[in-house]
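The sequence and structure are shown first.

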Amino acid sequence: MRPRTSFLLLALALFLLALALSWPRPPKEEAVRPQRLGALPEMGVVVAARDIEYCGYHTPCGPGSRTDTIFYLRLQGQEVKAVALPRDLYSPVVGGKINAAYGRGGAELLKRAVAEATGMVAERHLILTLGSVARVVDAVGGVEVYLERPMRYTDRAARLFIDFPAGRLHLNGEDAVKYMRFRHEALGDYARLDRIKGVLGQVLRKAQDPRTWPALTLALREAWRELDTDLSLEEVLGGLPAVRGLRLSLVTLPTREGPGTFLYVDEEARARVLAALFGASPSASLPEVPLRLRGERSLLLWAQVLLRRVGAEPSLEEAEVVRSAVYAKDLEAGAYFADLFHLPLLSPHGPVEGVVVELGQDLLH
């Protein structure tokens, strides 16, 4: 086992890239037009997954018109920065919840609603089906999750039967979709978005392994026919080699509760969070925040040695970790450690004290 190399070069490249990038706001045409800044063109992509359509009682018959899962992704050279949008967000341009935008006005209205909510340019779209999501997860060999308590839910009308025990689980594509659809807990949709972030981070990390590319290419070719997108398959497959160096940062759009079941954009918090996500590069010096390492003892000891080289003294917590990632609400501090360990930065909805680096066996592969 040895630490990943080129952290310093990667940090330098990202720093120079951040200097080269401008704040991607509308409305100037130059800001909207995709630009090639490296291996991938710069662009904003709305990625959403359609729910189920029913053609009779207890008879699901294909992809529906609502999109309960909505992400805004911005490709910037070798970085993917993503914002998750809650399904119950009120959208003035839709005149209702944002998850109804696709059904009322197709991808163009959904892009307008996402751009309105985030203040970011949305040039392209990729509307997935649940079946296509399952194919992609299967193509990378499934995902690992850890459940602190059993996950159970039955919706006979939707033919959705979720019955996962507590503990460590390996999920195939079909079960991963169930895991991501579950939202019957205290934090509801926010917790669901956090689970989707975790799966997305794992899929991207696995997609960086060239050994997954043949299966991934086949899955994409099979799934592409059922997608609604203005991206061509050749465009996506052509960019597959560039995935190897991509870094992923994920946050949830800050919201506040409103009348009924609506959520509204918390504009002050949005400005703060998106400025940190899109405008900041990893701190050049060690952030002065509480730092905690979680994982198996051998990985903790390795990481402790690495961190001592930069002057960090983390607290250690032995725990079963199934996927490696950095968790932080302070995005600048989180970016420093995500860059150091070359891991995805996931900013959950719930509170996080300082920065938590979770180290799993996937680091060894």
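A salt bridge is counted where a side-chain nitrogen of Lys or Arg lies within 4 Å of a carboxyl oxygen of Asp or Glu. The model is predicted, with an average pLDDT of 83 for the protein chain, and 86% of the residues score at least 70. Over residues 1-37, however, pLDDT stays under 50.

The structure holds 25 salt bridges. One of these joins Arg135 to Glu226, with the closest N and O atoms 3.2 Å apart. Arg135 belongs to helix H4 (residues 130-139), while Glu226 sits in the loop between helix H7 (213-223) and strand S12 (228-229), so the pair ties together parts that are 91 residues apart in sequence. Arg135 is partly exposed, and Glu226 likewise counts as partly exposed.

Asp339 and Arg247 form another salt bridge, at 3.3 Å from N to O. This pair links helix H11 (residues 331-341), which holds Asp339, with strand S13 (residues 247-252), which holds Arg247; the two residues are 92 residues apart. Asp339 is buried, as is Arg247.

A further salt bridge connects Glu317 and Arg294, whose closest N and O atoms are 3.2 Å apart. Here strand S17 (residues 315-318) contributes Glu317 and strand S16 (residues 291-295) contributes Arg294, 23 residues apart. Glu317 counts as partly exposed, whereas Arg294 is buried.

Relative accessibility of the paired residues is listed below.

| Residue | Relative accessible area |
|---|---|
| Arg135 | 30% |
| Glu226 | 31% |
| Asp339 | 6% |
| Arg247 | 7% |
| Glu317 | 28% |
| Arg294 | 18% |

Terms used: Residues are numbered from 1 along each chain as its sequence is written. This is a predicted model: local features need pLDDT of at least 70, side-chain atom pairs count only at pLDDT 80 or more; totals for chains, interfaces and linings use all residues. Side-chain values use heavy atoms; hydrogens and water are left out. pLDDT is the predictor's confidence in each residue, from 0 to 100. Contact means heavy atoms within 4.5 Å. Helices (H or I, at least four residues) and strands (E, at least two) are DSSP runs, numbered from the N terminus. Buried means under 20% relative accessible area, exposed over 50%, partly exposed in between (1.4 Å probe, protein chains only).
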